[in-house]
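Please consult the sequence and the model displayed here alongside this briefing.

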Amino acid sequence: MSLVDFAAGCLGGVANVVVGHPFDTVKVRFQQSNSTHRRTLRCFTSIVQQETVRGLYKGVTSPLYSLAAINAILFGVQGNMLRKMHDPNALSSHFAAGVMAGFLQCGISCPMELAKIKLQVQGEGLKYGSLKNADYTGSIDCLTKVYNLEGLRGVCRGMASTILRDAPAFGFYFLTYEYVCRKMAKDQEEESPTRTLLLAGGLAGCVSWISTYPADVIKTRMQEDGVIQKGRLAYRFNGYSDCIRAATISDGYGVYFRGLNATLLRAFPTNAATFAVVGLSLRHLNPYVTKD
């Protein structure tokens, strides 16, 4: 097993958060059940005006810590599984390895995103740091309180929709990246230039989000749901079917694509940065590692 894939994925995760978290905050504001936002730019500017630039980075601690681990798992598992497949060069192998890697990282990504989302919607419209008596003071505090009130069931709320989103999405993610790199390669034996890594990574991010975006909308609504009342979490939705029914009745089928523009604006630069950092890290770290 090569540890270089894990190390490169870790560095790529940091790049992902630094570039993409402000766009993710906008996406979550669009997706929450009581959202009044309809235009991406207006949502972005209202957050900056009302909450300052720091409002765009609400909940950043959770993904900053965990995305490094998630991407380490994602790229580590995908890379190592790919090398063990019967035909590692087949595009179907890249897809299958991506699906398995996406599935395995859900155990970390689901609780992380639950904490991130709750912090992102907390105190909406208020200047950053001005909210008094906030339910959660940070990511660890959020997960600790949810666990004390609801146990693992509360911390893992939204797990099914996370798996439905991430397993196929990461299959398309690695499939698209490999396909674009091959199409742009002048010489199959030549290392892809940085511009190719950036373009392929950006397109891979966009395709992966488009492929499973409706599942992400439901996941967001399930995870932002839950208000602390009288020592317990009070939920509006009884389960996934209730959440889907309520979303469709109140907002129509268009709700399943609400915030997609903000998501794609975020997806291209963040995943371009992720794959560029991962690719360059692998290129520079591999010579120092003894091959099996």
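This is a predicted model: local features need pLDDT of at least 70, side-chain atom pairs count only at pLDDT 80 or more; totals for chains, interfaces and linings use all residues.

Residues are numbered from 1 along each chain as its sequence is written, and side-chain values use heavy atoms, with hydrogens and water left out. The protein chain contains ten helices and two strands; helices (H or I, at least four residues) and strands (E, at least two) are DSSP runs, numbered from the N terminus.

**Overall fold**

- The order of elements along the sequence of the protein chain is α-α-α-α-α-α-α-α-β-β-α-α.
- The protein chain has a radius of gyration of 19 Å, which agrees with the value near 19 Å for a compact globule of 292 residues. The radius is taken over C-alpha atoms, and the globule rule is 2.2 Å times the number of residues to the power 0.38.
- The C-alpha trace of the protein chain spans about 60 × 40 × 35 Å along its principal axes.
- Of the contacts (heavy atoms within 4.5 Å) in the protein chain between residues at least 6 apart in sequence, 79% join residues at least 24 apart.

**Burial, surface and charge**

- Of the 292 residues in the protein chain, 51% are buried. Buried means under 20% relative accessible area, exposed over 50%, and partly exposed in between (1.4 Å probe, protein chains only).
- The protein chain exposes about 14,200 Å², of which carbon and sulfur atoms supply 61%. Accessible areas come from the Shrake-Rupley method with a 1.4 Å probe; for residues, only the protein chains shown count as cover.
- The protein chain carries 31 positive and 21 negative charges, whose mean positions are 8 Å apart. Lys and Arg count as positive and Asp and Glu as negative, while His and the chain ends are not counted. Each charge is placed at NZ of Lys, CZ of Arg, CG of Asp or CD of Glu.

**Aromatic pairs**

- The whole structure holds nine aromatic pairs. Rings of Phe, Tyr and Trp (its six-membered ring) pair if their centres lie within 6.5 Å; planes under 30 degrees apart count as stacked, over 60 as edge-to-face and the rest as tilted.
- Phe174 and Phe275 form an edge-to-face pair, because their ring centres are 6.0 Å apart and their planes stand at 80 degrees. Phe174 belongs to helix α7 (residues 159–184) and Phe275 to helix α10 (residues 260–285), 101 residues apart.
- Phe174 is buried at a relative accessible area of 4%, and Phe275 is buried at 3%.
- Tyr177 and Phe275 are stacked, at 3.9 Å centre to centre with 10 degrees between the planes. Tyr177 lies in helix α7 and Phe275 in helix α10, so this pair ties together parts that are 98 residues apart in sequence.
- Ring pairs join Phe75, Phe170, Tyr173, Phe174, Tyr177 and Phe275 into a cluster.

**Individual residues**

- Thr52 is located in the loop between α2 (40–51) and α3 (61–84). Phi of Thr52 is near 70 degrees, a positive value in a residue other than glycine, and Thr52 is partly exposed, with a relative accessible area of 28%.
- Gln32 sits in the loop between α1 (4–31) and α2 and is buried, with a relative accessible area of 3%.
- Asn71, in helix α3, is buried at 6% relative accessibility. Not counting residues up to four places away in sequence, Asn71 touches Gly9, Cys10, Gly12, Gly13, Gly76 and Thr274.
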